[in-house]
Amino acid sequence: MTDQKFDIIVYGASSFVGQILTRYMHEQFADGSISWTIAGRSQSKLEKLSHDIGLSDIEILLADASDEDALKAMCRRGKVVISTVGPYALYGDTLVKVCAESGTHYCDLTGEPQWIRKMQERYAQAAQETGALIVHCCGFDSIPSDLGVHFLQQQASQKFGQTCNHINMRVAKLKGGASGGTIASIINMVKEAAGDAELRRQLQDPYSLCPQDHSFTAQQRDVKMTYDDEYDSWIAPFVMAAINTRVVHRSNALTRNSYGTDFMYEEAMVTGKDGRGKRMARVTAWGMNLFMVGLAVPPVRWLLENYILPKPGEGPSEKDQLEGEYNLVFLGTTAAGDKINCRVTGDRDPGYGSTAKMLAQAAACLAQDVPEDTKGGFWTPASVLGDKLIERLRKHAGLTFDLE
């Protein structure tokens, strides 16, 4: 029995990214093309958000992240639930369970591979049985990477008759700030891994999110500080590669190895071709290593959490979000040696201004564009939303996908 009324429910609407998302949806769907509402655990915060934005007479749904009955009642009201309640490894389990078991479609902006794998193991069968489409990583991690590879592979197939078996993504430009929620997710992952040898092994496995029967054996490369002759620049590790690469490999697996069983994919930051670029690459590589080592040491982690890093609920200002941007270049090579490149850009702060738009359009795509007979399960943005989402992102979210 269902009393479904809404295409989309924004769960965690009063969170930092939830507020940005809600404002965008109010602007984007003012024409009534999507019916939606907001939800969370705090009536007062949701009412304030509704008043501040001007959501007249919107129906507010209340549910705590740990209250399964309340979440079930909420999910009965909508076709798709967007969750912004993180860290997901701490607060996300029950909602995924309820969506998978009730047949409610779900998307989020998590970048926590260890949690995604746990959700797949626990609830994939339920989602398959009910038809629920569960799509993690619908923000900056990992839509630009996942759909950038999808776009380039389609262009390569049309041009050369085969896909690329090797793609390098290079972050040419990235302007934006981190939020406390993102930092909290990273800290929690480090805490979990510190006491779990199996989890540490999983986090080193580039195919950890692929189905267990995947046939991939290619030895993926760990990016170090080095000079990239193809891009003609020094490069350094990119912090989001840990989740993005795994999502891309899962997309390959879910599309029947459409990129090939020997597909290689890596991501890196571009720092410049001269001596300054070399110094920047060194500082970036060392800084990332020192940061992760520091988080693994309890006293240092406590100091960082309490005195240095942003706290949950904190993030870049509206001005910083508007002035942010990103520019990603994908360099593809086929087995025959043919080369093809594309560029993906975004017009807002990647983690928040742009992520909110991507998340809203992913949910709209789930609500309106996915065929009704699509099999339930845990999908990736590219494998289930693909070209339809690219079309929405180009029209409504400030993203570009262009061949070089």
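**A buried arginine and its partner**

Begin by selecting Arg117, which counts as buried because its relative accessibility is 16%, under the 20% cut-off. In this predicted model, Arg117 forms a salt bridge with Glu121, and the closest N and O atoms of the pair are 3.1 Å apart. Both residues belong to helix H6, where a spacing of 4 residues separates them by about one helical turn; Glu121, with a relative accessible area of 52%, is exposed.

Next select Glu68, Lys72, Lys97 and Glu101, which salt bridges with shared partners join into one network. Within helix H5 (residues 93–102), Glu101 and Lys97 are 4 residues apart, about one helical turn, and their closest N and O atoms lie 3.2 Å from each other.

**A link across the sequence**

Now display Glu372 and Lys79, a salt bridge whose closest N and O atoms are 3.6 Å apart. Glu372 sits in the loop between helix H14 (350–368) and S13 whereas Lys79 sits in strand S4 (residues 78–83), so the pair ties together parts that are 293 residues apart in sequence. Glu372 is exposed at 71% relative accessibility, while Lys79 is partly exposed at 22%.

**The second largest pocket**

Finally, select Gln128, Pro211, Arg250, Leu254 and Phe378, which lie nearest the centre of the second largest pocket among its 22 lining residues. Helix H6 (113–130), helix H10 (241–254) and strand S13 (377–379) each give two or more residues to this lining, and H6 supplies the largest share, 5 residues. The pocket has a volume of about 670 Å³, and its lining comprises 7 nonpolar, 8 polar and 7 charged residues.

Methods:
Residues numbered from 1 in each chain as written. Predicted model: local features only at pLDDT ≥ 70, side-chain atom pairs only at ≥ 80, totals over all residues. Heavy atoms only, no water. 1 Å grid on protein atoms, 1.4 Å probe; cavity = no way out; pocket = protein on both sides within 12 Å on 5 of 7 lines; lining within 4 Å. Points joined across faces, edges and corners; volume = space filled by probe spheres on them. Nonpolar A, V, L, I, M, F, W, Y, C, P; charged D, E, K, R; others polar. Salt bridge = Lys/Arg side-chain N within 4 Å of Asp/Glu carboxyl O. Buried < 20%, exposed > 50% of the residue type's maximum accessible area, 1.4 Å probe, protein only.
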